[in-house]
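Let's take a friendly walk through the inside of this protein. Have the sequence and the 3D view ready.

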Amino acid sequence: EFKIKDGKGNIKEYNYDGILEFEGEYLYGKKSGKGKEYNINGILEFEGEYLNGIKNGKGIEYNYNGKLKFEGEYIKGIKWNGIGYDINGNIEFKIKDGKGYIKEYGFDGELEFEGEYLDGKRNIKGKEYNYDSELEFWKEYLNGRKIFK
């Protein structure tokens with residue numbers, strides 16, 4: 001479903017099973033303005049602002065249980081300022097100006113990464129976890145990429 005006029009308007013996107021994936025504002029074929037993203041089961045994952053198809057501005061991410069995962073500000077798709085929460089809704093980390101010690105969880109609440117962020121990317125040392133939240137790797141990062149020594 002969509003209502004577009006002069007390149008802008010509101011749209012709803014559905015997956016092959018007819019489950020809503022996105023609803024919100026579009027501008028010339030890209031998400032721009034306020035919108036909501038849903039997972040493959042139709043559960044709300046993100047609501048916030050977009051610019052040129054990516055998260056930009058205020059936004060809120062949710063876990064599968066509907067509790068907060070992250071609330072704050074995005075710049076060019078990167079978490080920039082805000083607060084991250086664990087699966088139970090407890091404060092887990094704070095990030096300011098793209099910097100901080102951060103923990104990333106999957107939609108199901110499993111810990112996937114913890115480590116230092118700089119400019120909104122993994123930097124210095126960090127730990128990666130497998131699907132059972134068991135430590136898999138202790139790596140060093142530079143600009144979000146693993147450094148292999």
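Predicted model: local features only at pLDDT ≥ 70, side-chain atom pairs only at ≥ 80, totals over all residues.

## The nonpolar core

The largest nonpolar core is made of twelve residues: Ile11, Phe22, Tyr26, Phe46, Tyr50, Phe70, Tyr74, Phe93, Ile95, Ile102, Phe113 and Tyr117. Two or more of these residues come from each of strands S3 (20–27), S5 (44–51), S7 (68–75), S9 (91–95) and S11 (111–118). In soluble globular proteins, nonpolar side chains tend to be buried together.

The largest cavity has a volume of about 60 Å³, and its lining consists of Lys69, Phe70, Lys79, Gly84, Tyr85, Phe93, Ile102, Lys103, Glu104 and Tyr105. Strands S7, S8 (78–85) and S10 (100–105) each give two or more residues to this lining, with S10 giving the most, at four residues. By type, the lining has five nonpolar residues, one polar and four charged.

## Two buried residues

Glu61 sits in strand S6 (residues 54–62). Glu61 counts as buried because its relative accessible area is 11%, under the 20% cut-off. Beyond its neighbours within four places in sequence, Glu61 has contacts that include Phe46, Phe70, Tyr74, Lys69 and Lys79.

Tyr129 belongs to strand S12 (residues 121–129) and is also buried, at 14% relative accessibility. With neighbours within four places in sequence set aside, Tyr129 touches Leu111, Glu112, Phe113, Glu114, Glu134, Leu135 and Glu136. The C-alpha atoms of Tyr129 and Glu114 lie 8.6 Å apart, with the two residues 15 residues apart along the chain.

Terms used:
Residues numbered from 1 in each chain as written. Heavy atoms only, no water. Buried < 20%, exposed > 50% of the residue type's maximum accessible area, 1.4 Å probe, protein only. Contact = heavy atoms within 4.5 Å. Core = buried A, V, L, I, M, F, W, Y, C linked by side-chain atoms within 4.5 Å. 1 Å grid on protein atoms, 1.4 Å probe; cavity = no way out; pocket = protein on both sides within 12 Å on 5 of 7 lines; lining within 4 Å. Points joined across faces, edges and corners; volume = space filled by probe spheres on them. Nonpolar A, V, L, I, M, F, W, Y, C, P; charged D, E, K, R; others polar.
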